[in-house]
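Me: I am new to this structure and would like to go through it in a few questions. Could we begin with the ligand and then move on to the domains?

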Amino acid sequence: MSAAVSLRAEGISHRFGPLEVLSGIDLEIRPGEVTVLLGPSGCGKSTLLAILGGLLKPERGRVVMHGTPPPGCLNPLTYVFQDFALLPWRRVAANISLVLEGRLPRPEREARIAEVLALTGLSDFAHAWPRQLSGGMRQRLGIARALAVRPAVLLMDEPLSALDTPTRLLLQDEFAATIARTGLTCVYVTHNLGEAVRMGHDIVVLSRRPGRIGHRLRLETPLAQRHAEDPALRAAEAELWNAIRADAAAATNEMDHG
Ligand SMILES: Nc1ncnc2c1ncn2[C@@H]1O[C@H](COP(=O)(O)OP(=O)(O)O)[C@@H](O)[C@H]1O
Ligand SMILES: [Mg+2]
């Protein structure tokens with residue numbers, strides 16, 4: 001698959017009524033990399049992701065896509081949701097088929113479904129119902145459905161936040177392997193520091209609202225070669241934590257001193 005597409009956010013600002021959520025965001029999402037948007041709850045991560053994905057028009061600024069989507073791409077900017085967003089009355093394969101129906105002839109649909117089920121380890125569950133899957137398997141299905149459209153950019157909004165910690169850690173490894181294999185450009189939202197350094201090549205800390213780019217950190221180790229004990233990852237996590245703590249302290253000082 002292709003790794004050619006990048007996104008550039010230029011001067012993004014947004015407010016909901018009186019609430020200023022994002023302010024002057026300039027951000028390059030590099031091709032074939034995972035860019036993590038990290039920050040405390042309410043800082044505007046999902047809003048920025050929706051703007052990057054074209055679901056929300058920003059009050060100011062624009063998003064430009066560079067590069068050519070991969071062959072057979074049905075939806076260049078594709079979401080993976082925290083709550084999985086599966087249809088309970090459709091079997092596993094039919095949940096994937098949903099995004100392909102009316103867009104591809106049946107044989108090609110079936111080939112794609114088989115391909116993404118294999119990629120996410122769900123081949124044996126094609127005929128199961130979503131309710132028969134564990135939480136982790138449901139999100140593997142969420143990823144499979146997203147990959148079935150051959151996206152150019154995968155936009156993931158806290159995809160593992162609904163899962164228990166062991167499942168979450170296992171799926172981090174699985175998703176890292178899948179993303180590495182596809183070479184996809186990803187934007188990955190999380191509030192979890194460990195997850196940020198596990199999944200990200202480029203980690204962007206958003207400051208407290210209105211979200212600005214506070215701190216940025218690069219991790220060159222390929223996703224497939226990262227280990228929990230890697231001192232470089234633990235040092236990166238500490239650096240991110242310091243950045244978040246400093247931002248929170250600055251906000252407290254503003255309150256203290258007016
Ligand atoms: N559609 C909306 N209308 C009004 N306020 C919103 C809307 N979406 C989000 N907000 C507010 O904007 C802020 C940022 O939200 P969000 O981007 O979801 O933050 P995050 O994903 O970082 O937790 C929050 O205070 C939230 O309540
Ligand atoms: Mg959010």
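Me: Which element gives the most to the shell around ligand 1?
Reply: In this predicted model, α1 contributes the most to that shell, with three residues.

Me: And which residues are around ligand 1?
Reply: The residues around ligand 1 are F16, L19, V21, G39, S41, G42, C43, G44, K45, S46 and T47. Two or more residues of this shell come from each of β2 (19-29) and α1 (45-52).

Me: How do they divide into nonpolar, polar and charged?
Reply: The shell around ligand 1 has six polar residues, four nonpolar and one charged.

Me: Changing topic: what domains does the assignment give?
Reply: The domain assignment of the protein chain gives domain 1 (1-68 + 152-258) and domain 2 (84-150). Their C-alpha centres lie 26 Å apart.

Me: How many residues are in contact between domain 1 and domain 2?
Reply: Contact involves 12 residues of domain 1 and 10 residues of domain 2. On the domain 1 side, helix α5 (residues 165-182) supplies the largest share, six residues. That side of domain 1 has nine nonpolar, three polar and no charged residues.

Me: What about the largest nonpolar core, which residues touch the most other members?
Reply: Of its 63 residues, V36, L37, A144, V187 and I203 touch the most other members. Helix α4 (residues 135-148) gives the largest share of this core, seven residues.

Me: Where does this core lie?
Reply: It lies between domain 1 and domain 2, because both give residues to it.

Me: And what does I203 touch?
Reply: Leaving out residues up to four places away in sequence, I203 touches V36, L38, A196, V197, R216, L217, L219 and L240.

Technical notes. Residues are numbered from 1 along each chain as its sequence is written. Chains are lettered from A and ligands numbered from 1 in the order in which they are written. This is a predicted model: local features need pLDDT of at least 70, side-chain atom pairs count only at pLDDT 80 or more; totals for chains, interfaces and linings use all residues. A residue is near a molecule or strand if its C-beta atom, placed from the backbone, lies within 6 Å of it. Helices (H or I, at least four residues) and strands (E, at least two) are DSSP runs, numbered from the N terminus. Ala, Val, Leu, Ile, Met, Phe, Trp, Tyr, Cys and Pro count as nonpolar, Asp, Glu, Lys and Arg as charged, and the others, Gly among them, as polar. Domain bounds come from an automatic or database domain assignment. Two residues are in contact if their C-beta atoms, placed from the backbone, lie within 7 Å. A nonpolar core is a set of buried Ala, Val, Leu, Ile, Met, Phe, Trp, Tyr and Cys residues joined through C-beta atoms within 7 Å. A residue is buried if 20 or more other C-beta atoms lie within 10 Å of its own, exposed if 12 or fewer, and partly exposed in between; C-beta atoms are placed from the backbone.
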